[in-house]
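Work through the exercises below with the sequence and the structure in view. Each task is followed by a solution in steps.

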Amino acid sequence: MRVAQFLTEQRVAFETIVHPPAYTAQKRARFLHVPGKQVAKAVLLAGPRDFFLAVLPAICKVDTRALTVALGKPLRLADSREVAEMFRDCEMGVVSPFGNLYGLPIILEDSIDPDTMLVFEGYTHAEAIRMRCRDFERLERPLRLSFARKQQPAVP
């Protein structure tokens with residue numbers, strides 16, 4: 001099921017934005033002229049027997065140690081094969097933040113303000129969805145935890 005169809009069925013206000021292909025959330029922010037803290041990325045995490053989605057600002061990275069402590073189980077970043085298997089209806093490499101569509105529990109970075117307008121990757125690298133975080137939370141019922149760490153800028 002496509003994200004736009006899901007959101008329409010759930011009667012959620014959203015906007016679909018087509019942009020040049022962006023393979024990172026930071027690049028999506030640049031293409032859309034949106035601050036990186038308003039672009040959310042979803043990261044698939046693998047536990048011993050299950051998967052989770054972590055949703056956090058584009059300017060951050062997942063602190064798997066913090067999540068391991070908070071959830072009481074070891075977590076690691078899923079590999080590309082696991083991502084492809086989980087998100088078969090998406091373009092290769094896309095991780096949808098809508099866990100309900102895939103039977104995945106969601107962990108949302110606690111620092112994201114519920115009133116923020118967030119931009120998510122759609123189901124391709126050239127489509128984004130903009131919606132209010134509060135609406136995302138109402139749909140997905142994520143667990144809010146503090147697990148994001150600011151990424152260090154790349155050294156040229």
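**Exercise 1.** State how much space lies in the second largest pocket of this predicted model, and sort its lining by class.

*Solution.* Begin with the volume: the second largest pocket holds about 150 Å³ of space. Next, list the lining, which includes Lys-37, Gln-38, Pro-57, Asp-113 and Lys-150. Then sort by class: four lining residues are nonpolar, three are polar and three are charged.

**Exercise 2.** Describe the largest pocket and find the element that gives the largest share of its lining.

*Solution.* The volume of the largest pocket is about 460 Å³. Its lining is made of 24 residues, and Lys-41, Ala-42, Val-43, Gly-93 and Val-95 lie nearest the centre. Two or more lining residues come from each of α2 (25-32), β2 (40-46), β4 (60-62) and β7 (117-121). Of the elements, β2 gives the largest share, five residues. By class, the lining has 15 nonpolar, five polar and four charged residues.

**Exercise 3.** Glu-82 forms a salt bridge with Arg-76. Is Glu-82 buried or partly exposed?

*Solution.* In this pair the closest N and O atoms are 2.7 Å apart. Buried means under 20% relative accessible area. Glu-82 has 8%, so Glu-82 counts as buried. Arg-76, at 40%, is partly exposed.

Notes: Residues are numbered from 1 along each chain as its sequence is written. This is a predicted model: local features need pLDDT of at least 70, side-chain atom pairs count only at pLDDT 80 or more; totals for chains, interfaces and linings use all residues. Side-chain values use heavy atoms; hydrogens and water are left out. On a 1 Å grid over the protein atoms alone, a cavity is a set of points where a 1.4 Å probe fits but cannot get out, and a pocket is an open set with protein on both sides within 12 Å along at least five of seven lines; lining residues have an atom within 4 Å of a point. Grid points are joined across faces, edges and corners, and a volume is the space filled by probe spheres set on the points. Helices (H or I, at least four residues) and strands (E, at least two) are DSSP runs, numbered from the N terminus. Ala, Val, Leu, Ile, Met, Phe, Trp, Tyr, Cys and Pro count as nonpolar, Asp, Glu, Lys and Arg as charged, and the others, Gly among them, as polar. A salt bridge is a side-chain nitrogen of Lys or Arg within 4 Å of a carboxyl oxygen of Asp or Glu. Buried means under 20% relative accessible area, exposed over 50%, partly exposed in between (1.4 Å probe, protein chains only).
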